[in-house]
Amino acid sequence: MACHIDGFIAAVAHTHVLHEGPVTGRAADAIAAANTAAEVALRLVRPGRKNKDVTEAIQKVAAAYDCKIVEGVLSHQMKQFVIDGNKVVLSVSNPDTRVDDAEFEENEVYAIDIVASTGDGKPKLLDEKQTTIYKRAVDKSSHLKMKASRFIFSEISQKFPIMPFSARALEEKRARLGLVECVNHELLQPYPVLHEKPGDDVAHIKFTVLLMPNGSDRVTSHPLQELQPTKTIDDPEIKAWLALGTKTKKKGGGKKKKGKKGAEAEPMEATNGATPQEQD
């Protein structure tokens, strides 16, 4: 789910297993891998850190659950009316996919987007007709031959000039035919439906983070089911990442007000959304 107010965007996603009781087995491993990797990313996406450090960390978390981070999923910086900014965090580093090195800075906004799989993490497009979500490529222009394509592209430019949209929102009789030519001319960016191999479990966690002067603010969140994964986190480095706070401690020096025994304790954010094993 996502929304925007005057172009300022917030997005959230999570995977939910439709059954009663705790999630167990490899499905629990996939959800725990995605959620724990996202929790680590939340703590590492902070001013002064590099995007490549986050990529390496989330892959290490997935490996601890014997899972793979799905290729092609990116965590993006977001700006007003821009859902995929220039600064990007790769989920998986490989020779075929490269992004510019970047350093996180104060007052930036990021969508942390993690997808984990019990398979090989390389989902395939099986049927182009399943794709129903598109986004206008604002930096592209081309002459369309078909009247239906020109009609649809004009409607898209008026109604959805920047944000992703569903094909259901367009004129149904002409939409599918016109969309194909628009995609072929790279005027639209498709969001395809990808499939892992049958029997593999895939889990998705996404939220929006503001990098504020006093620390990171997660402004969208998700209710997590009780998980009973087959693996637990034993790696000291991962445990150290999860123990990091998301807020910057206030500097001392001020006088304490009378009537208070001490400073209020900060919430245990390091365990927010963690599995029961991690909370212990």
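Colleague: Leaving aside its neighbours within four places in sequence, which residues is Val54 in contact with?

Modeller: Bear in mind that this is a predicted model: local features need pLDDT of at least 70, side-chain atom pairs count only at pLDDT 80 or more, and totals for chains, interfaces and linings use all residues. Numbering runs from 1 along each chain as its sequence is written, and side-chain values use heavy atoms, with hydrogens and water left out. Contact means heavy atoms within 4.5 Å. With those sequence neighbours set aside, Val54 touches Ala41, Leu44, Val45, Val89 and Phe104.

Colleague: And which residues touch the most other members of the largest nonpolar core?

Modeller: A nonpolar core is a set of buried Ala, Val, Leu, Ile, Met, Phe, Trp, Tyr and Cys residues joined through side-chain atoms within 4.5 Å. Buried is under 20% relative accessible area, exposed is over 50%, and partly exposed is in between, using a 1.4 Å probe on protein chains only. Out of 39 residues in this core, the top ones are Val54, Ile112 and Ile114.

Colleague: Which element gives the most to this core?

Modeller: Helices (H or I, at least four residues) and strands (E, at least two) are DSSP runs, numbered from the N terminus. Those giving two or more residues are α1 (25-44), α2, β8, β14 and α5 (236-243). With 12 residues, the biggest giver is α1.

Colleague: How big is the largest pocket, by volume?

Modeller: Picture a 1 Å grid over the protein atoms alone: a pocket is an open set of points where a 1.4 Å probe fits, with protein on both sides within 12 Å along at least five of seven lines, and lining residues have an atom within 4 Å of a point. Points are joined across faces, edges and corners, and volume is the space filled by probe spheres set on them. That comes to about 1400 Å³.

Colleague: Which lining residues are closest to the centre of the largest pocket?

Modeller: The lining takes in 38 residues. Closest to the pocket's centre are Val73, Asp113, Tyr191, His204 and Lys206.

Colleague: Is Asn107 buried or exposed?

Modeller: Asn107 sits in the loop between β7 (88-90) and β8, and its phi is near 70°, a positive value in a residue other than glycine. Because its relative accessibility is 55%, Asn107 counts as exposed.
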